[in-house]
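Hello,

Here is the structure I promised to pass on to you. Please open it beside this email, and I will walk you through what turned up.

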Amino acid sequence: MTVAHVIGYPRIGADRELKRATEAYWQGTLDREALEATGRELRLANWAAQREAGLDLVTVGDFAFYDQVLDVSTMVGAVPARFGAEEELARGEVDLDTAFRMARGRAPGGVPAAACEMTKFFDTNYHYLVPELHPGQRFRLASTRLFEQVAEARGTGHAVKVALTGPLTWLWLGKGRGDVPEDFDRLALLDGLVDVYAQILERLSGQGVEWVQLDESALVQDLPLAWRQAYERAYHRLQAAPVKLLLASPFGGLGDNLSLAVSLPVAGLHLDAVRAPHELEPVLDRLLPHKVLSVGAIDGRNVWRADLALWRERLAVARMRLGDRLWIATSCSLLHVPVDLAAETDLDPELTRWLAFARQKLDEVATLARLLDGRADAADRERVEAASRALEARREAERLHRPEVAERLAGVGEDETRRRRSYAERALAQQRHLALPLFPTTTIGSFPQTGEIRAARRAFKAGELSREAYETRMREEIAGAVARQEALGIDMPVHGEPERNDMVEYFGEQLDGFAFTRFGWVQSYGTRCVKPPILFGDVVRPAAMTVRWSEHAQSLTERPMKGMLTGPVTMLQWSFVRDDQSRETTCRQIALALRDEVLDLEAAGIRAIQIDEPALREGLPLRQAEWQGYLDWAVACFRLASAGVRDETQIHTHMCYAEFNDIIAAIAALDADVITIETSRSDMELLDAFEDFAYPNAIGPGVYDIHSPNIPEVDWMVALMAKAAERIPVERLWVNPDCGLKTRGWAEVEPALANMVEAARVLRQRHG
């Protein structure tokens, strides 16, 4: 019988129950017992959904209160000393509060401590907490949470498969910090780490677990020879474990690691056949006769309905050759898609028929497994026929294509993607125009989304508040934000974005080609959830989107107001994107729409315009051979959106939580006048790439971590900027937070910004 399972399932809950409970716990309005109860209820509901859909194994280990990589860090005792967990480590039980302190930047007693670095998880929009490693590090089994969850699942009668980040991938994701040498060999820690993994597997076996899925996504990237050899060493040691290992490689093809993965001494291999369908045949040819092959046929990264009839044909040979050794699964964890399409009663019915969220993907997995076995019932056959009808209707839908968009794209010339003069010439013109001081201060754009703002938005959407009253309310919020910045002395203020629910959703709601859900939440990091738009058709801007808000804000101050837009690559990356044309074409369509907005802002007197591209690095393919092709079109799209302005108009961009070394040349090619980046969590380490490359334009390295509730001290920010000044000429340095402030409260934001402005004053005295 073909086994049906999933690589992982969303943990936030259909109505973000985990987010609400966790934040209530942090605020002290919910106790620990109630928080744990919420987690338990969500896990039980997730397992029940998998079982009800007909899956043969439920996945345990995919639940985390904050981050699954962080959970492995605490499980193996990789807790930095500044978080004061010595006693917990000694008794082998790192507390949940310690994990929260690592994520949020707290030592015991509420004392501020630098939070663990956070960055993007492979090429997804999920962020993970980077494991901190150092020479001679000792690992130990230091958490029992996974075993408790296994006991929960088995206690309710479920057949369990445990999912766990693999040891090599966990090491691959980690890095040294502070005084740890850059050439520190993380592989020197592998033996000690594998010892702990062996203990984990032994204990799981004692609980009656037969299968353990080890996620080794590092295998879909370019690996140095030493790391490839390390896989052989580690898995030969783990083969003695009394459980069956399923080696999973989501997010891409194995490429030159295919032979390695197939040859490792494991009981099964999971292949992401959505990303790498071409690898199915070579894997079948090389798979040893005792091994299971799990085929990730159902897309875990996007929301489009699967073509079950097509997959039945594609996998018929695999079923014939493997028999019961064929498993069917999602390509990766369903963490990356919304929970349940059934909740979307307001969504366009035609579009709804084209979609499948996590709950529906469970049905697709189970149905496909039964189809391949010849066990399909009437409901399965109807599901296949309905999918085929919906996919055919989508292919023929006229609403997807706008001839005028294709015509305009075809007419774009290379001159439309270049500024008229060099940065050095533009910088002189902009300084005459803007008259900014040394170390100018600004923010990344958003200010606290207060309860009052959210209540007004809800009332407006529910029809309880008129458009006129809502817009009056937003203008009042903008006026308040501008007044606060005036009082603080921010050199380049922003309007604060009170009218924006999300940096992508807000724009998508005003562009043709996008659709929106009410409950389509996806976890981005920790308790931060986003609701990605569904980009289903050609993109057109019917009218200006931000101009009236920026005009209003500029009318309230003599200082240069910065207009705020989300860039084309980020709009693409943070949406569920259509799969019937290239991502490049879709991105170029977005860029043209944003170009019109940029020119309208400039015409309205906005002298600085920020086009955020935090997802530029995120979109980089996992294989280096594919990088340049992506970067060429991604950079061209940014420049298509931004390059039409006059020399005097200052173009900003913002990037955060990514490693920039790999793409520094592409960042320079964007030719933004000012780039703001996250550097506070990395202690300005990320600036090394800009120094080594001799980055020519202005940089605003983030001087404080907005994801932590800590209020940064003046001396701390001055010291960080002093490090920046060692790398970048002071006349090209800006002072700003490392990201937007919408998730913080004014009680934190105002004193933090006051300290930031004071830090800039100290720096001017020092360097003036």
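The buried residues of helix α15 are Asp380, Val384, Ala386, Ala387, Ala390, Leu391 and Arg394. They sit on the same side of α15, because the arc they cover around the axis is only 165°. Please keep in mind throughout that this is a predicted model.

What does the buried side of α15 pack against? Its partners are α12 (308–322) and α14 (358–373). On the face turned away from that buried side you will find the exposed residues Ala378 and Glu396. The helix itself runs over residues 378–396, which makes 19 residues. From first C-alpha to last it reaches 27 Å, close to the 27 Å expected at 1.5 Å a residue. There is also a contact to look at where α15 starts: a side-chain oxygen of Asp377 comes to within 3.1 Å of the backbone nitrogen of Ala379.

Next, have a look at Thr330, which belongs to strand β12 (residues 326–330). Is Thr330 buried or exposed? Its relative accessibility is 0%, so Thr330 counts as buried. Leaving aside residues up to four places away in sequence, Thr330 touches His5, Val6, Ile7, His270, Gly296, Ile298 and Val365. A polar atom of the Thr330 side chain also lies 2.8 Å from the backbone oxygen of Cys332.

Now to the cysteines. A disulfide is a covalent bond between the sulfur atoms of two cysteines. With a cut-off of 2.5 Å between the sulfur atoms, the count comes to zero disulfides. Cys529 is in no disulfide, and the nearest cysteine sulfur, that of Cys739, is 16 Å away. For Cys587, which is in no disulfide either, the nearest cysteine sulfur belongs to Cys637 and is 3.6 Å away. Cys529 counts as buried because its relative accessibility is 5%, and Cys587 counts as buried at 0%.

One last stop is Asp195, in helix α8 (residues 190–206). At 37% relative accessibility, Asp195 counts as partly exposed. How far apart are the C-alpha atoms of Asp195 and Gln229? They are separated by 18 Å, with the two residues 34 residues apart along the chain.

Enjoy exploring, and do write back with any questions.

Best wishes

Notes
Residues numbered from 1 in each chain as written. Predicted model: local features only at pLDDT ≥ 70, side-chain atom pairs only at ≥ 80, totals over all residues. Heavy atoms only, no water. Helix = DSSP H or I, 4+ residues; strand = E, 2+ residues; numbered from the N terminus. Expected span 1.5 Å × (residues − 1). Buried < 20%, exposed > 50% of the residue type's maximum accessible area, 1.4 Å probe, protein only. Arc of directions from axis to C-beta. Contact = heavy atoms within 4.5 Å. Polar contact = N/O pair within 3.5 Å; in protein donor to acceptor, adjacent residues only side chain to side chain.
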